[in-house]
Amino acid sequence: KIVIAQPRLLIIAVRSKVLKCLVVAAHAPHTGATQEEIETFWQNASLQIPSRFETWPKLLLTDANCRVGGQPDGRIGDWQNEGMNDKSQPFVDFLAVHNIFLPSTFESCHSGPGGTWMHHDGSWKRNDYVGVDCSLPLKKCSTWIPDDIDFSMQKEDHRPLFAELAWEQATEIQLHRQKRPKLQTDDLDIDRLHAELTQCIPPF
């Protein structure tokens, strides 16, 4: 179900028997935008998430157009650190508000180069991220940039970031079965039950 569709923001609610999550695809303003424009973008992204989805696990797919890693914490690691400036803060705040971490910034999760966008000086920068909800009981979490895929139209200046996640979670059917109490006939007082049923049946 599409929750919101804007030119630079798409939010989709995914719900099935085995998966429930909110997918947020966001294309943030570039670094030439003002601090206010960047703050407004990420604040709007938060406001567009209805309250009924606040507890749903979130998956973030974003061209954040910013550098992170200068102030590592539980959500952002120091792997392939590119520093951080004031214009990165609204994105970092969004991660904190929604309890999302960036696996590609952790050495234990990411393998290979981290750059997804080529700067005009020819160096690759990490602009794009996959954000994963911290509440997921992950058994596996790995990210990488494949070297055999190129979506560029004129020159190779963008690379996709891939992520593989795995976790164990009971389905709604399993949870329903667990909650249903099992009827133990040994616990029943048959004589008392018969007497009560007899009183409830109207005479004919």
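**View 1**
Glu-164 counts as partly exposed because its relative accessibility is 36%, where partly exposed is the range between buried, under 20% relative accessible area, and exposed, over 50% (1.4 Å probe, protein chains only). This is a predicted model, in which local features need pLDDT of at least 70 and side-chain atom pairs count only at pLDDT 80 or more, while totals for chains, interfaces and linings use all residues. Residues are numbered from 1 along each chain as its sequence is written, and side-chain values use heavy atoms, with hydrogens and water left out. Glu-164 forms a salt bridge with Lys-140, and the closest N and O atoms of the two are 3.3 Å apart; a salt bridge here is a side-chain nitrogen of Lys or Arg within 4 Å of a carboxyl oxygen of Asp or Glu. The pair links distant parts of the chain, since Glu-164 is in strand β10 (residues 162–167) and Lys-140 in strand β9 (residues 138–144), 24 residues apart. Strands (E, at least two residues) and helices (H or I, at least four) are DSSP runs, numbered from the N terminus. Lys-140, with a relative accessibility of 39%, is likewise partly exposed.

**View 2. The salt bridge between Arg-67 and Glu-82.**
The count of salt bridges comes to 2, and in this one the side chains of Arg-67 and Glu-82 meet at 2.8 Å, N to O. Both Arg-67 and Glu-82 are in the loop between β4 (58–63) and α2 (89–97), yet the pair links distant parts of the chain, 15 residues apart. Arg-67 is buried, because its relative accessible area is 16%, whereas Glu-82 is partly exposed at 27%.

**View 3. Aromatic rings around Trp-42.**
The model has 7 aromatic pairs, counted when the centres of rings of Phe, Tyr and Trp (its six-membered ring) lie within 6.5 Å, with planes under 30 degrees apart called stacked, over 60 edge-to-face and the rest tilted. Because Phe-94 lies in helix α2 and Trp-42 in helix α1, the pair ties together parts that are 52 residues apart in sequence, and Phe-94, like Trp-42, is buried. Ring pairs join Phe-41, Trp-42, Phe-91, Phe-94 and Tyr-129 into a cluster.

**View 4. A negative surface patch.**
Glu-36, Glu-37, Glu-39 and Asp-93 form a negative surface patch, a group of residues with over 30% relative accessible area and no salt bridge, in which like charges are joined within 9 Å. Helix α1 (residues 35–47) gives the most to this patch, with 3 residues. Glu-37 has its place in helix α1 and, at 43% relative accessibility, is partly exposed.

**View 5. Two residues with positive phi.**
Gln-80 has a positive phi of about 50 degrees although it is not a glycine, and Gln-80 is found in the loop between β4 and α2. At 28% relative accessibility, Gln-80 is partly exposed. Asn-99, in the loop between α2 and β5 (100–101), is also a residue other than glycine with a positive phi, near 55 degrees. The relative accessible area of Asn-99 is 31%, so Asn-99 counts as partly exposed.

How values were computed: Patch = residues over 30% accessible without salt bridge, like charges linked within 9 Å, V, L, I, M, F, W, Y side chains within 5 Å. Areas by Shrake-Rupley, 256 points an atom, 1.4 Å probe, with all protein chains shown as cover. Lys, Arg positive; Asp, Glu negative; His and termini not counted. Charge placed at Lys NZ, Arg CZ, Asp CG, Glu CD.
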